[in-house]
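Look over the sequence and the model before reading on.

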Amino acid sequence: MIADFQIANLPKIRFGWGLRDQFAAAIAEQGFQSVVLISGRFLTRPGEYADDLIRQLQAENIRVSAFTVSGEPSPELVDEIVQACPSNAQAVLGVGGGSVLDAAKAVAGLIPSRTSVMNYLEGVGQGLPLEGDTLPFIAMPTTAGTGSETTKNAVLSRLGEFKKSFRSEKLLARDVWLDPSFLATCPKHLLYTTGLDAFTQLLESYTTLKANPITDALAWQGMTLFKGAFEALETGSETERQTAYGNLMLAASLSGITLANAGLGAVHGLAGPTGAFFEAPHGAVCARLLAPITQANIEALQASNEPHAPAVLAKYAAIAILYGSSADSQPEQLQDLIDNLNRLAATYSPDGLSHYGLTKDNLDPILQNCRSGSMLGNPLTLSDQALKEALNTAL
Ligand SMILES: [Zn+2]
């Protein structure tokens, strides 16, 4: 029997190569006269997209208040931008990677009330529900990774202290513009680490406790799109590379929908505090933890009497087959999956977590702060020992 579930609203999603050229006119058509634009710093250089966009919006008689974000946003940065925004702003446009979109999403939620984001931040803030109006948030991702454009949370961090979510269904984007042509100028190592984050989110939300038939369908589609995309970037023709950019961008947005509605698992449970205490790219952390955590989950499920265990093992086996396993027995298929995930990390995210300062002796802050949030969706509760072993393997 299908368990009870619900799916939140979805933004209006547009997908198309070169769609960015229609963006300014579409904003004007919606009647906005004053907008806040938050973009990555690189995009505001002369000749880059945000620089062009500001001129295009101004040509449509739209007043633009522009801000840039580089690196993961802090609560202080969000509050600072909110205070600097004009009171007549009617919409927030976010153009950039996951950090930019998270900052823009938070700002859109806070401009009408001009309250501090610390009132709402989970775990470290007051955790109050967001009430009252928010501004429409219009998102145009320029990387394919976190899926922030389709999630309802903004991840904010203070390095050395915390990495936590500001979460509300009111923060969902109203419009999402997916233009894979941005990926054609994205450095390949960034495509790989961000893409591995998206893949991890798809795999975790497919196997999480809160997965439902709709998120399963979307996660499966995302993992299918992801298959072969990195190889095409390495050796494909121009047409094959263009296809891969589109597949990666869509897979990332699908991962946002699935994680917002089904949650994640132990990889993200550990990646949160890892990102809070170490300056390590989120995608690289996910990539290195994915194989050891999947192995720990499979071993725990095989030893478990929980009624849902066989169904989750069957899902892992299905992913193994999707990624080319031709083994006849489930244990062999599951081993093929682990081997495949190890190969994926070794090829496309070759630096272990020790590269970012983690050692076997400084993992305690991660282990002490990993039991809330994403960890709660993991198919089974993993012991501290199992989590520590997974982190050690990822070093
Ligand atoms: Zn992630």
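This is a predicted model: local features need pLDDT of at least 70, side-chain atom pairs count only at pLDDT 80 or more; totals for chains, interfaces and linings use all residues.

**Cavities, a pocket and a helix pair**

Trainee: Which class of residue is charged, polar or nonpolar in the lining of the largest cavity, and in what numbers?
Mentor: The largest cavity holds about 60 Å³ of space. Among the residues that line the largest cavity are A8, K152, L172 and N261. By class, the lining of the largest cavity divides into one charged, three polar and six nonpolar.

Trainee: Which helix gives the largest share of the lining of the second largest pocket?
Mentor: The second largest pocket has a volume of about 230 Å³. Of its 15 lining residues, G228, E231, Y323, N340 and L344 are the closest to its centre. Two helices, α7 (229-235) and α12 (330-348), each supply at least two residues of that lining. The largest share, seven residues, comes from α12.

Trainee: Are α10 and α14 parallel or oblique to each other?
Mentor: Helix α10 (residues 282-302) and helix α14 (residues 384-394) have axes 8 Å apart and pack at an angle of about 135°. Angles over 145 would count as roughly antiparallel. The two helices, α10 and α14, are therefore oblique.

Trainee: Which residues of α10 meet α14?
Mentor: The crossing of α10 and α14 is right-handed. On the α14 side, the contact involves L387, A390, L391, T393 and A394. The α10 residues that meet them are R288, L289, P292 and I293.

Definitions and conventions. Residues are numbered from 1 along each chain as its sequence is written. Side-chain values use heavy atoms; hydrogens and water are left out. Axes are lines fitted to C-alpha atoms, for helices over the stretch in contact, and angles run from 0 to 180 degrees between N-to-C directions. Helices (H or I, at least four residues) and strands (E, at least two) are DSSP runs, numbered from the N terminus. Angles under 35 degrees count as roughly parallel, over 145 as roughly antiparallel, 65 to 115 as roughly perpendicular and the rest as oblique. A crossing is left-handed if the near helix is turned anticlockwise from the far one by less than a right angle, and right-handed if clockwise. Contact means heavy atoms within 4.5 Å. On a 1 Å grid over the protein atoms alone, a cavity is a set of points where a 1.4 Å probe fits but cannot get out, and a pocket is an open set with protein on both sides within 12 Å along at least five of seven lines; lining residues have an atom within 4 Å of a point. Grid points are joined across faces, edges and corners, and a volume is the space filled by probe spheres set on the points. Ala, Val, Leu, Ile, Met, Phe, Trp, Tyr, Cys and Pro count as nonpolar, Asp, Glu, Lys and Arg as charged, and the others, Gly among them, as polar.
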